[in-house]
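Have the viewer open while you read.

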Amino acid sequence: MLCAAAAAVAAAPAAEPIPIALIEGLSGSFGNAGEAVYRNLLLAVERVNRRGGVRLPGGARSLELLRFDGKGSGEESLAMLRAALDRRVAFVAQGNSSAVAMVLVDALNKHNQREPLSRALLLNYSAVDPALTNEKCSFWHFRFDAHADMRLAALIEVLQGDAALKKVYLIGQDYSFGQHVQRAARSRIAASRPDIAIVGDELHPIGRVKDFLPYAMKIKASGAQAVLTGNWGNDLTLLVRAMREVGVDARIYSFYGNALGAPAAIGEAGVGRVLAVAEWHPNVDTQASRDFHAEFRSRFPRPEEDYQHARMQVMVEMLVAAIERAGSTEATAVASALEGMRHDGRTLGGLHTGTMRAADHQFIQPLVVSVMDRLGAPGVRYDNEGSGYGFRTVRSFEARQTEQPHGCTMERP
């Protein structure tokens with residue numbers, strides 16, 4: 001009898017995994033950024049599965065990460081969303097374009113109203129246009145990254161402390177996020193340091209410029225002492241490489257200057273001059289941070305794979321906690337469980353904390369501004385992408401310091 005029962009249990013099908021659909025540009029100009037996201041989410045999914053998966057009343061279920069190449073296009077990403085929804089996926093992850101995020105949020109608003117039995121959530125790890133948690137906020141959207149105004153406020157806090165700085169050049173990508181950063185940066189600099197002149201305010205096509213030398217020459221001719229940019233991916237790498245080639249002698253205040261080839265492209269010229277803002281970086285000097293970095297590098301050892309984010313790990317951990325709290329994978333129940341949820345870092349060995357603000361679904365978390373330096377310099381235990389250059393902390397901001405008012409009027413089901 002016992003043998004028969006054991007055989008029956010062994011023959012019973014395992015519970016289906018819970019799918020997460022990654023809709024991202026996995027090819028084209030920003031394919032490297034999409035693949036970097038995939039590695040981060042894969043590590044998070046594997047960690048959850050190693051500890052037994054997601055605990056539900058009917059038994060534990062593993063997570064499964066599905067890849068959908070949206071090619072950085074709103075139209076292609078919308079087609080991928082339809083494909084994911086056809087597979088009854090309830091959790092969609094996207095973030096490398098605010099314009100694409102807007103398209104997906106609008107589509108999910110309509111789908112979830114029309115198909116209440118197959119609703120889905122958008123989990124946003126990088127689309128930082130503030131509109132997504134303000135006038136375009138949605139019950140079906142949760143942002144786990146600090147939005148552009150939060151990141152910009154931290155950068156400007158550091159920038160305004162440079163008393164010798166008198167000339168700043170603004171350059172960014174010509175889409176919703178880049179446009180917002182330009183407007184907000186001009187406004188914040190005028191308010192905090194009216195003595196600083198904006199000597200350039202330039203937007204360029206996103207993902208289509210192959211030669212940034214003309215832009216770099218204009219920056220040099222302007223006499224700018226600092227460049228502020230929200231550029232990311234190859235648009236950032238090519239920009240900073242061109243600036244180095246023409247000898248631009250300016251500090252770079254960036255959102256994403258600490259990875260995806262930028263440190264190697266900048267080289268020695270970036271020491272003490274290239275700043276970045278993020279929720280975390282490898283040289284945050286805590287045991288949890290060192291353990292997380294070691295885990296990532298063990299899983300993805302090649303230098304070109306070295307691009308990791310605490311917020312993406314937190315996003316998956318909070319999704320799991322919300323599913324377990326709801327006792328269900330149904331999107332409405334999980335969304336309700338996510339609202340107001342606090343991440344205390346325990347499932348990540350103490351790494352990172354924050355709270356998902358219920359009113360607008362914006363994750364409120366600490367931020368760190370860091371500056372590029374040589375590997376082995378004080379505060380630089382690790383370099384980025386094997387470049388010989390890493391980033392050390394310049395200033396840390398607690399979650400309460402990064403929080404900003406919102407203009408969200410959310411419609412709930």
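What follows goes through a sheet, its helix neighbours and a few single residues in a predicted model.

Let's start with the open sheet, which has seven strands in the order 7-6-8-9-10-14-15, and the pairing is mixed. Strand 7 and strand 15 (389-397) sit at the edges, each pairing on one side only. Going from one strand to the next, the twist averages 20°.

For a close-up inside that sheet, pick strand 9 (residues 251-254) and strand 10 (residues 274-278), which run parallel to each other and share three bridges.

## Helix 6 across the strands

Helix 6 lies across strand 6, strand 7 and strand 8, and its direction makes an angle of about 160° with strand 6.

## Helix 3 against helix 4

Helix 4 also meets helix 3 (residues 74-86). The axes of helix 3 and helix 4 come within 9 Å and cross at roughly 40°, and the crossing is right-handed.

On the helix 3 side, the residues in contact are Gly74, Ser77, Leu78, Leu81 and Leu85. Helix 4 answers with Val100, Val103, Leu104, Ala107, Leu108 and His111. Sorted by class, this contact has eight nonpolar residues, three polar ones and no charged ones.

## Strands 3 and 4

Strand 3 (residues 91-94) and strand 4 are another parallel pair, joined over four bridges. Phe91 has Leu121 in strand 4 as its bridge partner.

In a regular strand, side chains alternate between the two faces of the sheet. Strand 4 (residues 121-124) has Leu121 and Leu123 pointing one way, with Leu122 and Asn124 pointing the other way. Buried or exposed, these four? All are buried.

## Val240 and its contacts

Val240 is part of helix 8 (residues 234-246). With a relative accessibility of 4%, Val240 counts as buried, because the cut-off is under 20%. Leaving aside residues up to four places away in sequence, Val240 touches Ile252, Ala262, Ala265 and Ile266.

## Two positive phi values

Most residues other than glycine have a negative phi. Lys71 has a positive one, about 55°, although it is not a glycine. Where is Lys71? Look in the loop between strand 2 (63-69) and helix 3. Lys71 is partly exposed, with a relative accessible area of 49%.

His352 also has a positive phi, near 65°, and is a residue other than glycine. This one lies in the loop between strand 11 (342-343) and strand 12 (354-357). At 12% relative accessibility, His352 counts as buried.

Methods
Residues are numbered from 1 along each chain as its sequence is written. This is a predicted model: local features need pLDDT of at least 70, side-chain atom pairs count only at pLDDT 80 or more; totals for chains, interfaces and linings use all residues. Side-chain values use heavy atoms; hydrogens and water are left out. Two strands pair if DSSP finds at least two bridges between them. Axes are lines fitted to C-alpha atoms, for helices over the stretch in contact, and angles run from 0 to 180 degrees between N-to-C directions. Contact means heavy atoms within 4.5 Å. A crossing is left-handed if the near helix is turned anticlockwise from the far one by less than a right angle, and right-handed if clockwise. Ala, Val, Leu, Ile, Met, Phe, Trp, Tyr, Cys and Pro count as nonpolar, Asp, Glu, Lys and Arg as charged, and the others, Gly among them, as polar. Buried means under 20% relative accessible area, exposed over 50%, partly exposed in between (1.4 Å probe, protein chains only).
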